[in-house]
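Please read the numbered paragraphs alongside the display.

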Amino acid sequence: IDEIKLSQKTTFLPTMRPTSFPTNIMTTLIPTTRPTDEPTASRGLSCPPIGNFTKLDAGSMMLSNAESNVLCTVTKVIISNNEKVTKVPLARSYDMNEWEL
């Protein structure tokens, strides 16, 4: 990881009046090749259990906020000659708070 950017995507709150484009109940698990009325269902990547780690691949991904009483960090591990040299913290979420750089 040479660059990290956090962005928040959310939906608008429900309205008291009907809207012209209601959301259907059905969802798809992966994006489809042809357009549909169903949104793609996606879940954020959760923090691994204490003492474990998850390797993040390059590209965009959704990260769930840490649960209550939990600290979750995204760390860049710098490797030289096939050995870990240092760890650099990049972002964190804790106690159900949003991610911070």
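This is a predicted model: local features need pLDDT of at least 70, side-chain atom pairs count only at pLDDT 80 or more; totals for chains, interfaces and linings use all residues.

1. Glu 100 is partly exposed, since its relative accessibility is 28%; the classes used here are buried for under 20% relative accessible area, exposed for over 50%, and partly exposed in between, with a 1.4 Å probe and protein chains only. The side chain of Glu 100 forms a salt bridge with that of Arg 92, at 2.9 Å from N to O. A salt bridge here requires a side-chain nitrogen of Lys or Arg within 4 Å of a carboxyl oxygen of Asp or Glu. Arg 92 likewise counts as partly exposed, because its relative accessibility is 40%. The search of the whole structure returns 1 salt bridge.

2. Residues are numbered from 1 along each chain as its sequence is written, and side-chain values use heavy atoms, with hydrogens and water left out.

3. The protein chain has 0 helices and 2 strands. Both element types are DSSP runs numbered from the N terminus, helices being H or I over at least four residues and strands being E over at least two. Of the 101 residues in the protein chain, 8% are classed as buried. Where contacts in the protein chain join residues at least 6 apart in sequence, 31% of them link residues at least 24 apart; a contact means heavy atoms within 4.5 Å.

4. How many disulfides does the structure hold? There is 1 disulfide, defined as a pair of cysteine sulfur atoms within 2.5 Å. Cys 47 and Cys 72 form this bond, with their sulfur atoms 2.1 Å apart. The disulfide of Cys 47 and Cys 72 is left-handed, because the torsion about its S-S bond is about -125°. Are the two partners buried or exposed, and to what relative accessible area? Cys 47 is partly exposed at 23% relative accessibility, whereas Cys 72 is buried at 10%.

5. Cys 72 also deserves attention for its surroundings. Leaving aside residues up to four places away in sequence, Cys 72 touches Cys 47, Ala 66, Ala 91, Arg 92, Ser 93 and Trp 99. Cys 72 and Arg 92 are 20 residues apart in sequence, yet their C-alpha atoms are 5.6 Å apart. Cys 72 belongs to the largest nonpolar core, which has 6 residues in all: Ala 66, Cys 72, Val 74, Leu 90, Ala 91 and Trp 99. Strand 1 and strand 2 each contribute at least two residues to this core. Such a core is a set of buried Ala, Val, Leu, Ile, Met, Phe, Trp, Tyr and Cys residues joined through side-chain atoms within 4.5 Å. In soluble globular proteins, nonpolar side chains tend to be buried together.

6. A nonpolar patch on the surface consists of Ile 78, Val 85 and Val 88, with about 220 Å² of accessible area together. Patches draw on residues with over 30% relative accessible area and no salt bridge, joining like charges within 9 Å and nonpolar side chains (Val, Leu, Ile, Met, Phe, Trp, Tyr) within 5 Å. Val 85 lies in strand 2, residues 83-94, and is exposed at 54% relative accessible area.

7. Most residues other than glycine have a negative phi. Asn 81, in the loop between strand 1 and strand 2, has a positive phi near 55°. Asn 82 lies in the loop between strand 1 and strand 2 and has a positive phi of about 60°. Asn 81 is exposed at 73% relative accessible area, and Asn 82 is exposed at 79% relative accessibility.

8. Leu 45 is located in the segment before strand 1 (71-80) and is partly exposed at 34% relative accessibility. Beyond residues up to four places away in sequence, Leu 45 touches Thr 54, Leu 56, Met 61, Met 62, Leu 63 and Ser 64. Leu 45 and Met 62 are 17 residues apart in sequence, with a C-alpha to C-alpha distance of 6.0 Å.

Technical notes. Accessible areas come from the Shrake-Rupley method with a 1.4 Å probe; for residues, only the protein chains shown count as cover.
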